[in-house]
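Welcome, and thanks for opening the viewer. Please load the model, and we will walk through it stop by stop.

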Amino acid sequence: RANDYDLLLTPWLFPDACGVRMVPSLARLPQLAIAQGSDVHRYLGMSMRRRAILKMLQTPTNVVTRSGDLAKRLAGHGATPHRIHPIYNGVDTASFRPGNQEQARAALNLPADVPLALFVGNFLPVKGLDLLIHALAHLRSAGKIMHLALIGSGPLKGDLEALAARMGISDLLHWQGRRTPDEVARHMQAADIVCLSSLNEGVPNVVLEAMAVGRPIVSTDVGGIHEVLGPEPSMHALIPSRDPGAYALELARMMDSQPAHDAIAACGSKFSWQNCARQHLKLMETLVRSSSATHSEILPHS
């Protein structure tokens, strides 16, 4: 029933976009595939999946990437650059917005009047959480105290708890478990800083959400995170290596500075889901018009 449709929209390069391109009845339709992250970071390093993705990209397929970094990686493997379109994910700005920090901490039973960082994510090796724990230990040894709330779950939780105990900072960690998006937003309002320590990323939504709340980011400099952060040093800190001492220094700098919360929130408000949807719709309309023009040119004249 390909004649019923104008465009294929597929949410992953592999297997979705590759699989759809194997359906003969859909072969004439333009496709807009969305590269989410691991389908570029991981799958281009796997020979069979890489071949399938690159073959698929030789068809009438355009790609949305979640960051400019992902676009460069795809182009570096041979994808046609003008058919790659970076569009960042969106944020529910009705939930992720500035709020009263004191009230948020009281509602969440988090300690008041202490510096508080927040991590949101899965407890997996790629998230590099050992770096955060070592950085907090560095701070304590330098006479500075920062607490860390952790939202999420995963197989490394026991190992991380044991590491924190060995480093003597168990009392600084607040394990919050999995939380709803509204609860994550409330934790961001309660925090002073949102932290990431990943080995690789695209542009994780937690960064965009934290910005919308007005919270500065301290993160390893990976993926496309640098693409979305505000221009002022008080808005963020990116650590180029996995050095706990360097990470601790940036945490201390944030503790001692006065982050521009309003400026961060203004920067984050650009990443609303409404704006994200408008960019997708504009691109899809362009691809449909282009496809229609191409088909009208090759149809026989009566």
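Begin by selecting Leu13, Phe14, Ala17 and Cys18 in H1, which meet Met48, Arg49, Ala52, Ile53 and Met56 in H3; contact here means heavy atoms within 4.5 Å. These residues divide into eight nonpolar, no polar and one charged. For that sorting, Ala, Val, Leu, Ile, Met, Phe, Trp, Tyr, Cys and Pro count as nonpolar, Asp, Glu, Lys and Arg as charged, and the others, Gly among them, as polar.

A word on what you are viewing: this is a predicted model, where local features need pLDDT of at least 70 and side-chain atom pairs count only at pLDDT 80 or more, while totals for chains, interfaces and linings use all residues. Residues are numbered from 1 along each chain as its sequence is written, and side-chain values use heavy atoms, with hydrogens and water left out.

Now show both helices whole: the axes of H1 (residues 13-20) and H3 (residues 47-56) come within 9 Å and cross at roughly 45°. That makes H1 oblique to H3, since angles under 35 degrees count as roughly parallel, over 145 as roughly antiparallel, 65 to 115 as roughly perpendicular and the rest as oblique. The crossing of H1 and H3 is left-handed, meaning that the near helix is turned anticlockwise from the far one by less than a right angle.

## Second stop: another helix pair

Next, select H5 (residues 101-108) and H8 (residues 181-190), which pack at an angle of about 125° with their axes 7 Å apart. H5 and H8 are therefore oblique to each other, and their crossing is left-handed. On the H5 side, the contact is made by Gln101, Gln103, Ala104, Arg105, Ala107 and Leu108, and on the H8 side by Arg186, His187, Gln189 and Ala190. The residues of this contact divide into four nonpolar, four polar and two charged.

Is His174 buried or exposed? Select His174 in strand E7 (residues 173-177) to find out: His174 is buried, with a relative accessible area of 17%, where buried means under 20% and exposed over 50%, using a 1.4 Å probe and protein chains only. Not counting residues up to four places away in sequence, His174 touches Leu110, Pro111, His147, Leu148, Ala149 and Leu150. The C-alpha atoms of His174 and Ala149 are separated by 4.5 Å, with the two residues 25 apart along the chain.

## Last stop: zoom out

Finally, show the whole protein, which has 13 helices and 10 strands. Its C-alpha atoms fill a box of roughly 85 × 40 × 30 Å, taken along the principal axes. Buried residues make up 48% of the 302 residues.

Definitions and conventions: Axes fitted to C-alpha atoms, helices over the stretch in contact; angles between N-to-C directions. Helix = DSSP H or I, 4+ residues; strand = E, 2+ residues; numbered from the N terminus.
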